[in-house]
Amino acid sequence: MIVAVIRRLVFKPARYEVPARFGKAHKADAVFLLTLIAILMVADSLFAAAKAAAQAQQGQPVESLAVLSLPWMLQIVFASSSLLTLRDVYFGAYLLHEVTFYFLLCYRPFGIQFHVETSLFNVYFAKLDAGR
Amino acid sequence: VVGSYFPAQLTDWLTSGKTLFLTIHVLGVACFGYIVARRLVPLLRAERDPRFDRPLARLAKVGKFWLGQWKHPRYKTAGTLHILIFAGFILLATRAFTVLIVGVSDNFCDAGPFGGSRPRSTTSSLTTPPQLCSSA
């Protein structure tokens, strides 16, 4: 996500530019949507890491996290955190994830990523005999 | 000591927010439903065209062109990137839906696609973190 945002704001590949006859480029919308997706991923990672760290502290079997993934790294950070802190992180991360998910779901129809929600249905309901 | 801050009947750390989570679920789904309904109005008022026939053929198209991203290798760089991003989207969406269900279901385990189906403990408290699923 960071690379995608940097490419939008710093490097600006020529093919990202939209000719005037096709309307606006919607760069701000693109960055906003990338930020929402990043928040979703971070919240999910905090949720999983707090859970795994708490399980490790309690001597329970810990859900395996992919090595070098964000949850895996956050789990190491949380290793010495108190259960009270882990509980708050777990709860807060879930709440943030839920709010971000539904906001993203409802915002996408108004932005440049509407196709993410419609593509499956577009393909399913497409004309079967197109081109014949 | 820490557990004394919280009622012992907590089934897990998300229980205290279950009503809040359910409310957000309902509001989110209602908002999305309203947006979709408004978007469907032009389709419903347009000339009728049967698009519910031959479901298996349509599912095959979905498998090939949507899930399989059949057309994208035509563009080596952009197509390959799109396939990778699409795969990431599928993973993120699957995980996001899983996490959503965890907050409001007592019997759902978020052990991932390969996890088991054992229900969560009903007697845990703050000192007992959410239970892992197990196939045992």
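## An aromatic cluster

Ring pairs join F47(A), Y90(A), F91(A), Y94(A) and F21(B) into a cluster. Rings of Phe, Tyr and Trp (its six-membered ring) pair if their centres lie within 6.5 Å; planes under 30 degrees apart count as stacked, over 60 as edge-to-face and the rest as tilted. The model is predicted: local features need pLDDT of at least 70, side-chain atom pairs count only at pLDDT 80 or more, and totals for chains, interfaces and linings use all residues. Residues are numbered from 1 along each chain as its sequence is written, chains are lettered from A in the order in which they are written, and side-chain values use heavy atoms, with hydrogens and water left out.

## Two ring pairs in chain A

Over all chains, the count is 13 aromatic pairs. F32(A) and F103(A) form one that is edge-to-face, with 6.1 Å from centre to centre and 85 degrees between the planes. F32(A) lies in helix α2 of chain A and F103(A) in helix α4 of chain A, 71 residues apart. Helices are DSSP runs (H or I, at least four residues), numbered from the N terminus. F32(A) is partly exposed, at 36% relative accessible area. F103(A) is also partly exposed, at 42%. Buried means under 20% relative accessible area, exposed over 50%, and partly exposed in between (1.4 Å probe, protein chains only).

F47(A) and Y94(A) form a tilted pair, because their ring centres are 5.7 Å apart and their planes at 45 degrees. This pair, too, links distant parts of the chain: F47(A) is in helix α2 of chain A, Y94(A) in helix α4 of chain A, 47 residues apart. F47(A) is buried, at 0% relative accessibility. Y94(A) is buried at 0% as well.

## Where chain A meets chain B

The contact (heavy atoms within 4.5 Å) takes 44 residues from chain A and 49 residues from chain B. The two chains bury about 4,500 Å² between them, 71% of it on carbon and sulfur atoms. Buried area is the accessible area (1.4 Å probe) that two parts lose on being put together, summed over both.

One salt bridge is counted between the chains. R95(B) forms a salt bridge with D44(A), the closest N and O atoms being 2.8 Å apart. The term means a side-chain nitrogen of Lys or Arg within 4 Å of a carboxyl oxygen of Asp or Glu. On the side of chain A that touches chain B, α2 (27-57), α4 (83-107) and α5 (114-124) of chain A each give two or more residues. The largest share, 15 residues, comes from α4(A).
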